[in-house]
Amino acid sequence: QVQLVESGGGSVQDGGSLRLSCAASGSIFSINTMGWYRQAPGKQRELVADITRGGSTSYADSVKGRFTISRDNAKNTVSLHMNSLTPEDTAVYYCNADGRLLSLRSFASWGQGTQVTVSS
């Protein structure tokens with residue numbers, strides 16, 4: 001009942017930048033936390049960054065100082081600005097959101113994923 005649609009992935013050179021965006025739609029009453037996860041080949045999915053409705057953020061140690069997460073509560077969108085990308089950032093990036101539906105039931109949803117490839 002909640003769809004997350006990501007955009008902005010692609011291929012960049014080592015040291016480049018990308019911006020990922022995610023828009024949530026559906027029977028949404030409120031969204032608590034929105035975040036970005038990533039999964040590299042042969043590795044487990046890991047949290048990259050997340051942001052609460054109030055704007056509190058958390059980042060994986062590996063991206064601190066390089067990535068910035070932001071959200072627009074009115075538009076139910078979240079973005080991830082990624083700078084100084086390295087080949088180690090290559091992965092499929094997934095948007096995640098949790099909150100309450102109009103029925104007041106809770107939800108937790110994932111996007112379909114967007115590929116980020118950083119070449120050396």
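**Entry 1: Asp61**

I began with Asp61, which counts as exposed at 66% relative accessibility. My cut-offs are these: buried means under 20% relative accessible area, exposed means over 50%, and partly exposed lies in between, with a 1.4 Å probe and protein chains only. The model is predicted, so I note that local features need pLDDT of at least 70 and side-chain atom pairs count only at pLDDT 80 or more, while totals for chains, interfaces and linings use all residues. Residues are numbered from 1 along each chain as its sequence is written, and side-chain values use heavy atoms, with hydrogens and water left out.

I then looked for a partner of Asp61. Its side chain meets that of Lys64 in a salt bridge of 3.1 Å, N to O. I use the term for a side-chain nitrogen of Lys or Arg within 4 Å of a carboxyl oxygen of Asp or Glu.

How many salt bridges does the structure hold? I found four.

One of them joins the side chains of Asp89 and Arg38 at 2.9 Å, N to O. This pair links distant parts of the chain, 51 residues apart: Asp89 is in the loop between strand 8 (77–82) and strand 9, and Arg38 is in strand 4. Strands here are DSSP runs (E, at least two residues), and helices are runs of H or I of at least four, numbered from the N terminus.

Asp89 also meets Arg66, again side chain to side chain, in a salt bridge of 2.8 Å, N to O. Arg66 lies in the loop between strand 6 (57–59) and strand 7 (67–72) and Asp89 in the loop between strand 8 and strand 9, so this pair ties together parts that are 23 residues apart in sequence.

Are these residues buried or exposed? Asp89 is buried, with a relative accessible area of 2%. Arg38 is buried at 7%, and Arg66 counts as buried at 16%. I also noted that Arg38, Glu46, Arg66 and Asp89 are linked in a network of salt bridges.

**Entry 2: aromatic pairs**

I searched the whole structure for aromatic pairs and found two. Rings of Phe, Tyr and Trp (its six-membered ring) pair if their centres lie within 6.5 Å; planes under 30 degrees apart count as stacked, over 60 as edge-to-face and the rest as tilted.

Tyr37 and Trp110 form an edge-to-face pair, 4.9 Å centre to centre with 65° between the planes. Tyr37 lies in strand 4 (residues 28–39) and Trp110 in strand 10, so the pair ties together parts 73 residues apart in sequence. Tyr37 is partly exposed at 22%, and Trp110 is partly exposed at 40%.

Tyr94 and Trp110 also pair edge-to-face, at 6.5 Å centre to centre and 85° between the planes. Tyr94 is in strand 9 and Trp110 in strand 10, so this pair ties together parts 16 residues apart in sequence. Tyr94 is buried at 14%. I recorded Tyr37, Tyr94 and Trp110 as one aromatic cluster.

**Entry 3: Arg45**

Which rings does Arg45 lie over? Its charged end sits over the ring of Tyr94, 3.7 Å from the centre. Arg45 also lies over the face of Trp110, at 4.6 Å from the ring centre. I count a charge as over a ring if NZ of Lys or CZ of Arg is within 6 Å of the ring centre and within 35 degrees of the ring normal.
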